[in-house]
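Me: I have a model open and want to go through it. Can we start with the ligand and then move to the strands?

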Amino acid sequence: MLGRFITFEGGEGCGKSTQASLLSAYLQNKCIKTVLTKEPGGTPEGQILRQLLVTGDKDKFDAISECLLYCADRRNHLNKVVWPEMKKGKWVISDRYADSTEAYQYYGYEKRVDFATLQGLYKIVAGDFKPDLTFILDIEPEKGMRRSFAKAQTMEVKELRFESRQIEFHHNLRQGFLEIAKRDPERCVVINADAAIEEIHRRIVETVTEKFGI
Ligand code: TMP
């Protein structure tokens with residue numbers, strides 16, 4: 001595939017949406033065509049799945065149902081946005097991708113989903129396809145949650161289903177993201193997200209410049 005695939009990951013309120021937009025604008029300034037997208041909800045069908053997944057009672061789905069729904073959204077997103085845009089040579093930047101499933105549905109729920117099953121599902125959805133680069137924005141869950149609840153005040157539909165889980169869930173998924181980064185250091189870069197927006201952006205640009213030689 002011609003384009004690149006860069007993903008942003010992290011817990012609630014880590015600032016990844018802001019950083020994904022800033023990176024996209026930076027690359028466009030360099031005359032690189034980008035597509036800014038997200039999971040869940042990067043397609044019209046995905047928006048409906050997003051609505052189901054991020055609102056309402058925290059216990060309405062168990063970890064396995066959630067895995068399957070996120071996988072359905074991912075497959076559709078790959079088919080309709082990520083792969084076609086990459087084929088056109090665009091750099092696709094996604095606010096969340098598969099590491100979120102591992103962090104939330106596996107580590108968050110204390111490994112209640114079998115790891116081999118999770119990997120098998122990923123293979124069905126994406127085969128051997130992987131992001132070229134993943135930024136993991138790391139922040140203390142308490143701080144991130146405060147930001148997330150503050151942001152929700154301005155939202156018409158409150159997307160707080162995961163925020164309403166116990167803080168332990170968020171500590172587990174934070175450790176999960178760090179495990180993922182340790183396992184795949186070629187692809188993943190952990191960034192301290194408890195810093196100024198400009199400083200985080202500077203580190204991201206530095207990494208992208210080094211990695212892709214732009
Ligand atoms: P967002 O608020 O960062 O857009 O993400 C939506 C929520 O969905 C967030 O609470 C994390 C959660 N999520 C998962 O639990 N598993 C996944 O695979 C993805 C992509 C998101």
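**Ligand site**

Reply: The ligand takes up the space of the largest pocket. A pocket is, on a 1 Å grid over the protein atoms alone, an open set of points with protein on both sides within 12 Å along at least five of seven lines, and a molecule sits in it if more than half of its atoms lie within 2 Å of its grid points. This is a predicted model, where local features need pLDDT of at least 70, side-chain atom pairs count only at pLDDT 80 or more, and totals for chains, interfaces and linings use all residues. Residues are numbered from 1 along each chain as its sequence is written, and side-chain values use heavy atoms, with hydrogens and water left out.

Me: Which elements give two or more residues to the shell around the ligand?

Reply: Helices H2 (44-54), H3 (63-87) and H4 (98-108) do; helices are DSSP runs of H or I with at least four residues, strands are runs of E with at least two, and both are numbered from the N terminus. H4 gives the most, with four residues.

Me: What is 2.5 Å from an oxygen atom of the ligand?

Reply: An N or O atom in the side chain of Thr101. For the side chain of Glu12 the distance from a ligand oxygen to an N or O atom is 2.6 Å, and for that of Arg50 it is 3.0 Å. A polar contact is a pair of N or O atoms within 3.5 Å.

Me: Which residues point which way from E4?

Reply: Leu133, Phe135 and Leu137 point one way, and Thr134, Ile136 and Asp138 the other. In a regular strand the side chains alternate between the two faces of the sheet.

Me: How many bridges join E4 to E5?

Reply: Five, and the two strands run parallel, E5 being residues 188-192. Phe135 stands opposite Val189 in E5. Strands pair if DSSP finds at least two bridges between them. E1 (residues 4-10) is also parallel to E4, with five bridges, and Glu9 has Ile136 as its bridge partner.

Key. Buried < 20%, exposed > 50% of the residue type's maximum accessible area, 1.4 Å probe, protein only. Polar contact = N/O pair within 3.5 Å; in protein donor to acceptor, adjacent residues only side chain to side chain. 1 Å grid on protein atoms, 1.4 Å probe; cavity = no way out; pocket = protein on both sides within 12 Å on 5 of 7 lines; lining within 4 Å.
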